[in-house]
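Welcome! Please take a look at the sequence and the 3D structure below, and then we will walk through them together.

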Amino acid sequence: LGYVYRAAAKAGRKDMAGAEADLKKAAEIAPQDPLPSVRLGELRLANKQYKQAETYFEEALKKDPNSASALRGLAGVYTEQKALGKAVTRVNEQISKTPNSSANYLLLGQLLVNQKVLDKAEAAFRKAVELDKNNVDAFFLLGQIQVARGSRDQAIAVYQQAIQDNPRHVQSYVILGSLEERRGNWQKAQEIYQKALQVDPDYPLAANNLAYSTLEHGGNADVALSLAQVARRGMPESASVADTLAWAFYHKGVYASAIDLLKEALDKQPNNPTYHYHIGLAYQKANDRARAKEHLERVLKLSPNYARVQEVRNALAELAKS
C-alpha cells in the first residue's frame, strides 16, 4: 500500500504523472489487489478520460466483484456522460453477482433518485439497510424519500430505527428531532436533541436546534445562550447559528450583540423574514424606531403569511404610538 499512499500524496500536489507511475508499480507488486486499478480509474475520471477510466474500474471489478469503490467509480463515468440509465443497468448487473452488498444497493438507490424513480429507490435503500443495519447513509436517504413524499410518520419511524441500530450516529438524532418539531412535538424534539448532545456534547446542529427551541418555548435563556455559543464555535459561518445566538442575546437583553449578529445573518440571507423579525425587535428594544420599523415592514413584504405576522403587526403598532 505504500505506493498507493505515495500516489495519493503526489496527486494532492498535482503530480499526476508521478501518481500514475506509483499506482502502476503498486499494481505490478499486487496484481490481484483492486485498489491500484480503482485509483487509476479515479485519475482518469478526474481528467474526463472516460473510456480509460471505465477500463480501469472494470479491471478492478474483475479482481474483486465486491469493490464498492470500483462500482461507484464506474457509475460516475456514466453519470458524468449523462448516461444514468447505463449506470443503473451496470449496477444492477453487478448486484446480480454480489447480492449481499449493501453498498451496491445504496449506490443503486442514489442513481434511481437521480432518475426520480422513487419507488425503486426506496426499495433499494430498504434492501441496503436490511443487509447492513449500520449503513447510515441508506437510512438517511430512505428517510429523505419519506419526507419528500410528505410521509412524516414513516420518516420518523426510519430515523428511530436508524438510532436503534446506530445509537452513536448523532445526525440521525438531529433529523428525528427536526421532524418531531415540524409536527408540533417540541418537547419530544428537545429530548432528542439532548440525547444527541449526550453522544457528542459539541455537535453544533443539535446545540443550535435545542437552543432555539428552548428560547421559543420559554426555557432558560442562560442555558440557551450556552448552547448557542457551542453551535457558533462549531459553525461560525452559519447564518442560522448567528440568528440563534442573536436571539439568545436578545432574550438576555444584550441588544447590541444581537443586532451585530443579525446583520451578519442578513448579509448572507437578506430575504429571510425571521432574521428581519428578530433584528426589528432588537432595534425596537434599542430604541432605534426607524430601523425597527424598516425591518418589521420588510417581514410583511417578504412573507405576508409569516407564522408570527400578528406579533409583527403588534410591534409596528407599538412603534406607531411612540
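A residue is called buried when its relative accessible area is under 20%, exposed when it is over 50%, and partly exposed in between (1.4 Å probe, protein chains only). By that rule, buried residues make up 47% of the 322 residues in the protein. Please keep in mind that this is a predicted model: local features need pLDDT of at least 70, side-chain atom pairs count only at pLDDT 80 or more, and totals for chains, interfaces and linings use all residues. Residues are numbered from 1 along each chain as its sequence is written, and side-chain values use heavy atoms, leaving out hydrogens and water.

**The overall picture**

How many helices and strands does the protein have? There are 19 helices and zero strands, where helices (H or I, at least four residues) and strands (E, at least two) are DSSP runs numbered from the N terminus. Along the principal axes, the C-alpha atoms fill a box of roughly 80 × 45 × 35 Å. The radius of gyration of the protein is 26 Å, while a compact globule of 322 residues would have one near 20 Å. This radius is taken over C-alpha atoms, and the globule rule is 2.2 Å times the number of residues to the power 0.38.

Contact means heavy atoms within 4.5 Å. Of the contacts with a separation of 6 or more, 45% are between residues 24 or more positions apart.

**A cluster of rings**

A pair of aromatic rings is described by the distance of the centres and the angle of the planes. Rings of Phe, Tyr and Trp (its six-membered ring) pair if their centres lie within 6.5 Å; planes under 30 degrees apart count as stacked, over 60 as edge-to-face and the rest as tilted. By this rule there are four aromatic pairs. In one of them, the rings of Trp247 and Tyr250 have their centres 4.8 Å apart and their planes at 15°, so this pair is stacked.

Both Trp247 and Tyr250 belong to helix 15 (residues 239-252), where they sit three residues apart, about one turn of the helix. Are they buried or exposed? Trp247 is buried, with a relative accessible area of 5%, and Tyr250 is buried too, at 14%.

Trp247 also forms a tilted pair with Tyr277, 6.4 Å centre to centre and with 50° between the planes. Tyr277 lies in helix 17 (residues 273-285) and Trp247 in helix 15, so the pair ties together parts that are 30 residues apart in sequence. Ring pairs link Trp247, Tyr250, Tyr255, Tyr277 and Tyr306 into a cluster.

Lys14 lies in the loop between helix 1 (2-12) and helix 2 (16-29), and Asn287 in the loop between helix 17 and helix 18 (289-302).

Asn209 is part of helix 13 (residues 204-216) and is buried, at 16% relative accessibility. Leaving aside residues up to four places away in sequence, Asn209 touches Val174, Ser178 and Tyr193. Gln164, found in helix 10 (residues 152-165), is exposed at 60% relative accessibility. The C-alpha atoms of Gln164 and Lys133 are separated by 9.5 Å, and these residues are 31 apart along the chain.
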